[in-house]
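Please read the points below with the model open beside you.

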Amino acid sequence: MLQFLSSAAFSKWIPTSNRTKRTSGGDGWDKFSHRYTKKEFGKWELILPPKHDNSPAVDHNSKLKVVVHTKEGQRLYRISPWAKYVTREEKAVIYDWVHWDPPQPYIHIHPRPRKPTSLRIYESHVGIGSPEGKIASYNNFTTNVLPRIKDLGYNCIQLMAIMEHAYYASFGYQITSFFAASSRYGTPDELKQLIDVAHSMGIMVLLDVVHSHASKNTEDGLNRFDGSDSCFFHSPPRGVHSLWDSCLFNYSSWEVLRFLLSNLRWWMEEYHFDGFRFDGVTSMLYHHHGIGTGFTGDYSEYFGLQVDEDSLVYLMLANHILHTLYPDCITVAEDVSGMPALCRKVEEGGLGFDYRLAMAVPDKWIQILKELKDEDWNIGNIVHTLTNRRYGEKCIAYAESHDQALVGDKSLAFWLMDKEMYTNMSSLIPMTAIIDRGMQLHKMIRLITHGLGGEGYLNFMGNEFGHPEWLDFPREGNNQSYHYARRQFNLVDMDHLRYCQLYAFDRDMNRTEDKYGWLAAPPAFVSARHEEDKVIVFDRSNVLFIFNFHPSKSFQDYRVAVEAPGKYKIKLDSDAAQYGGHGRLDHNTEFFTQPEPFNGRSNSIQVYIPCRTAIVLANEEIDYCY
């Protein structure tokens, strides 16, 4: 059933094997064999009775088309907006709608995991999940990538580029078929199995959902579906995003709301996703879409005629429905503007998201590495950036995501070590000064972001082990090469390369958080941000974090503040030899608090902190159940 307002007429184009009439041209199609009936409120309906043997009227894997007869007399050939499987032949330009109704569909076995109190997200793209220069599959991800994610200690996966998109290099953000899982990686059932296996490991799976805009494609997209420029979208210019060259939904239309809301429920119920990361929320919230606009935090920027109330209400409605139907559902907003109450409940007047992405954090790290010498790092500014978030609204912190890995930018590891990653990452030779600096800062940046930056943490696949180079999909500009559209997990499996040391640190960082639960705790208390020493100290969830960013100075008997009295021991040490450090700390050392108030805390301890080292200490006399 088609649910949109249109004065066009519709018929369905079905292969000969599924009906009695043939076209006179002998191509096996009859464009007028199955006509839709017009109903009330812009709906069109077509009911196909089963065959004589009670088998479905349309066979599994049959190709279909919708023929649209416009009031201007045009005849348009379209893919159904609700098509759940579309494919295209090799070297073909346009996708085909394929009826997916296997005789033995995949049945989910494992229940959804419960919503974790500490959310650790592994941002992933199925197609690049292999060292080979090709489009990797759902099955490859299930077999080879899921076990790595589990081992690393992440409890949630954010899957990108799942909704079907005709242009692979769009990274999945130019959607053509909203209900179809991308066929370039495999079948719908193989995606269902991927999610089911993740659930068996206790890992939630979020879909990177794109409801902020849509591809301009017509024959295999939503654009001009009924011949008009305003079927699903606003008419130009309001219906066009000038930077993305894409179509913008008309959220005031009930039919559009039904389409988008049913799309969310489809992914939850058909595939058993556990929630969504909503892309492009800033673009949705404002008529200016954030283009050429800066946000200072002044309330006048969030409450005025520049706010698109239609899309704001849609987001409230989407979150209300999702959290009502699926109490353990997780929704994350990609918003750079800092919209107040974005992550408060709808009942409180908020938009209902569980988390927002702390998008200023990765920008800050890139800025520091590009513009400043190590001795010029502004420690206070780093702390401000990591703690500058709205109280009572949860944030997902990250040092880098897919955005920083894309061509035109570089990953943190590549900013730190650049071309030396090609020649000097062997652990069989002494570290050069550049590799030494890069290894230590890579770990420290990720740990301080993890501990101080939010109530959840995100990592883009491969960056945990310092994946070299950048990310670039096959396109005309690179001769359709897949060389940079892959993740070289094989580097981790080579014991003589230092990538496995960074991998081990990321794994143990997550496992330490899993034990002590700082992400689920209230914001940290920062007791020291010393500019000259380049030292940052904070405690969170009764866990003490100490960072010495100084490139050359180590400190003996350095006094740091702590609240809970007792005996402390090192639980994570970035300088440990197994992480590519210099092994300067004795992990058997016991640190006893002294009842000397210091830097706003009731107690203090004295520690040795080597240069470019981060340590995490826990109180041996506290039960850390949370």
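1. Rings of Phe, Tyr and Trp count as an aromatic pair if their centres lie within 6.5 Å. The model discussed here is predicted. A search of the whole structure finds 40 aromatic pairs.

2. One of these pairs joins Phe179 and Trp266, with 6.1 Å from centre to centre and 55 degrees between the planes, and is classed as tilted. The two residues sit in distant parts of the chain, 87 residues apart: Phe179 belongs to strand β13 (residues 177-181), and Trp266 to helix α3 (residues 254-270). Both Phe179 and Trp266 are buried.

3. Phe249 and Tyr251 make another tilted pair, with ring centres 6.2 Å apart and an angle of 50 degrees between the planes. Tyr251 has a relative accessibility of 6%, so Tyr251 counts as buried.

4. How many disulfides does the structure hold? The count is 0. A disulfide needs two cysteine sulfur atoms within 2.5 Å. For Cys247, the closest cysteine sulfur is that of Cys231, at 11 Å, so the two are too far apart for a bond. Cys247 is also buried, with 4% relative accessibility. Cys611 is buried too, because its relative accessible area is 13%, and the limit for buried is under 20%.

5. Lys192 lies over the face of Tyr271, at 5.5 Å from the ring centre. Lys410 has its charged end over the ring of Trp415, at 4.3 Å from the centre of that ring.

6. The largest pocket has a volume of about 740 Å³. It is lined by 34 residues, and those closest to its centre are Cys343, Arg344, Asp354, Gly392 and Lys394. Which elements give two or more residues to this lining? They are α5 (309-325) and β22 (525-530). The largest share comes from α5, which supplies 4 residues.

Note on methods
Residues are numbered from 1 along each chain as its sequence is written. This is a predicted model: local features need pLDDT of at least 70, side-chain atom pairs count only at pLDDT 80 or more; totals for chains, interfaces and linings use all residues. Side-chain values use heavy atoms; hydrogens and water are left out. Buried means under 20% relative accessible area, exposed over 50%, partly exposed in between (1.4 Å probe, protein chains only). Rings of Phe, Tyr and Trp (its six-membered ring) pair if their centres lie within 6.5 Å; planes under 30 degrees apart count as stacked, over 60 as edge-to-face and the rest as tilted. A charge sits over a ring if NZ of Lys or CZ of Arg is within 6 Å of the ring centre and within 35 degrees of the ring normal. On a 1 Å grid over the protein atoms alone, a cavity is a set of points where a 1.4 Å probe fits but cannot get out, and a pocket is an open set with protein on both sides within 12 Å along at least five of seven lines; lining residues have an atom within 4 Å of a point. Grid points are joined across faces, edges and corners, and a volume is the space filled by probe spheres set on the points.
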